[in-house]
Amino acid sequence: MFKKVLVANRGEIALRVIRACRELGIQTVAVYSEADRESLHVRFADDDVCIGPAPARESYLRIPRLIAAAEITGADAIHPGYGFLAENAEFAETCVASNITFIGPTAHQIRTMGDKAEARRTMTNVGVPIVPGTPGPVDDPEVALEFAKGIGFPVIIKAAAGGGGKGMRVAKDAEDFIRSFGLARSEALSAFGNGEVYVEKYLAKPRHIEFQILGDQHGNVIHLGERDCSIQRRHQKLIEEAPSPAMTPELRAAMGDAAVKGAKAIDYVGAGTIEMLLDEDGSFYFMEMNTRIQVEHPVTEMLTGVDLVKEQIRVAAGEPLSVTSTPALRGHVIECRINAEDPRRGFQPSPGRIEVFHPPGGPGVRLDTHAYAGYTVPPYYDSLIAKLIVQGNNREEALRRMHMALESFIIEGITTTTGFLAKVIEHPQFREGNFDTKFLERELQGILKEPN
Ligand code: ADP
């Protein structure tokens, strides 16, 4: 087992990884930018190293500084968390070349799945259904248009290197397509340094359903059930839950089998997620694989009792998975992402000093956060300040528990999304489990108009 793990991240996920290491008896190293000096992860770690100024490209994204920090502190492994360098194949390679274990899949696995067009080819080869679309990237707008006409409008143009809800454009007809195609390509080039795009059918009312995967170096690959992440704003998740209200045991078996088959196709090692779209007619399609721990991983942890971060660490150290088949799913779990944003001002970020911080509690409530009273949310990074996860014996109980927890979560000094999330939880259609990825887009104005 590792002696010392450097956590190449910040915020709640850095704390989460530090906790897992502690439980495993592993020492930890925190890295931080000048803006994160007062962050909790710095205080919780055994060692800490400042890696540069506030902007991420000068600190959290600087590979040589992270490697140097690991070498100076004697860390023998690096956990990347999510975001930043978590899906950067070059980082994984550099760790290995420096004799430091990268807690995650191999650089090759990251590359294969990080290129969405390549990932689609890989899935097709093992018979996993993909959303109908171009077999690979296309660069000629006329060729792409013919394809789009063939599969029928609307279509979505996606950056092969895209991620985080960025680099996607929907085109509703041929005219729209030519304009969007050029824009998508130039956006992809400036955002990801790779202008390759592909085209796929845009489903009208799909659900986003993803399967949690774990694989080890001994050939075991299992899934740990699904998460329904259909509550999104601008393709970014706000609420996740499991089981999906749309799930049946038969569908879970079919989707779960496809997810495991997809992961096995690349001999996947570590924690990963197969994201799929479930169409209204019950067909499902592979969308992408995320080769890292996800923001919403606690949903699966509460539902199954498996500590996914500890499994990641064990697997990276060469140990076999501690669970060898899909565990029993216990009750119902919902997660709300609480952001320092103002919903009434277009979800504009609301950084600043937190004056009052009174977290919710009680049975079945988990709060993953790096925030506290007196903490200043810096303006440089994403606006996630807490993840509130609740479990109930059934969906009804989980919904009530979540509503109560959101209402009793008092944060003053900055504006947060707790009030907005409480209204979504109370929305009749959400309560019925009747929603898709466009739900929030349709209902947003109505929800915002409701009195507090
Ligand atoms: P990213 O890598 O940026 O997260 P994804 O490919 O995972 O992008 O897509 C993010 C979201 O965009 C999905 O959850 C879904 O809401 C929407 N989306 C993506 N592809 C399609 C599609 N073909 N049809 C309808 N919605 C889609």
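Which residues are linked in a network of salt bridges? The network comprises Glu210, Arg227, Lys237, Glu240, Glu275, Glu296 and Arg337. A salt bridge here is a side-chain nitrogen of Lys or Arg within 4 Å of a carboxyl oxygen of Asp or Glu. The structure holds 33 of these.

The model is predicted, with local features requiring pLDDT of at least 70 and side-chain atom pairs counting only at pLDDT 80 or more, while totals for chains, interfaces and linings use all residues. Residues are numbered from 1 along each chain as its sequence is written, and side-chain values use heavy atoms, with hydrogens and water left out.

Individual salt bridges were then examined. Lysine 310 and glutamate 23 meet through their side chains at 2.7 Å, N to O. Lysine 310 lies in helix α11 (residues 308-316) and glutamate 23 in helix α1 (residues 11-23), so this pair ties together parts 287 residues apart in sequence. Helices (H or I, at least four residues) and strands (E, at least two) are DSSP runs, numbered from the N terminus. Lysine 310 is buried, at 14% relative accessibility. Glutamate 23 is exposed, at 55%. Buried means under 20% relative accessible area, exposed over 50%, and partly exposed in between (1.4 Å probe, protein chains only).

A second salt bridge joins the side chains of arginine 395 and glutamate 241, at 2.8 Å, N to O. This pair also links distant parts of the chain. Arginine 395 belongs to helix α12 (residues 395-407) and glutamate 241 to strand β11 (residues 236-242), 154 residues apart. Both arginine 395 and glutamate 241 are buried.

Glutamate 355 and arginine 353 form a further salt bridge, at 3.4 Å, N to O. Glutamate 355 is partly exposed, with a relative accessible area of 46%. Arginine 353 is likewise partly exposed, at 45%.

Helix packing was considered next. Helix α12 packs against helix α13 (residues 418-426) at about 160°, with the axes 9 Å apart. The two helices are therefore roughly antiparallel, a label for angles over 145 degrees. Axes are lines fitted to C-alpha atoms, for helices over the stretch in contact, and angles run from 0 to 180 degrees between N-to-C directions.

On the α12 side, the contact (heavy atoms within 4.5 Å) involves Leu399, Met402, His403, Leu406 and Glu407. These meet Thr418, Leu421, Ala422, Ile425 and Glu426 of α13. By class, the contact has six nonpolar, two polar and two charged residues. Ala, Val, Leu, Ile, Met, Phe, Trp, Tyr, Cys and Pro count as nonpolar, Asp, Glu, Lys and Arg as charged, and the others, Gly among them, as polar.

Definitions and conventions: Angles under 35 degrees count as roughly parallel, over 145 as roughly antiparallel, 65 to 115 as roughly perpendicular and the rest as oblique.
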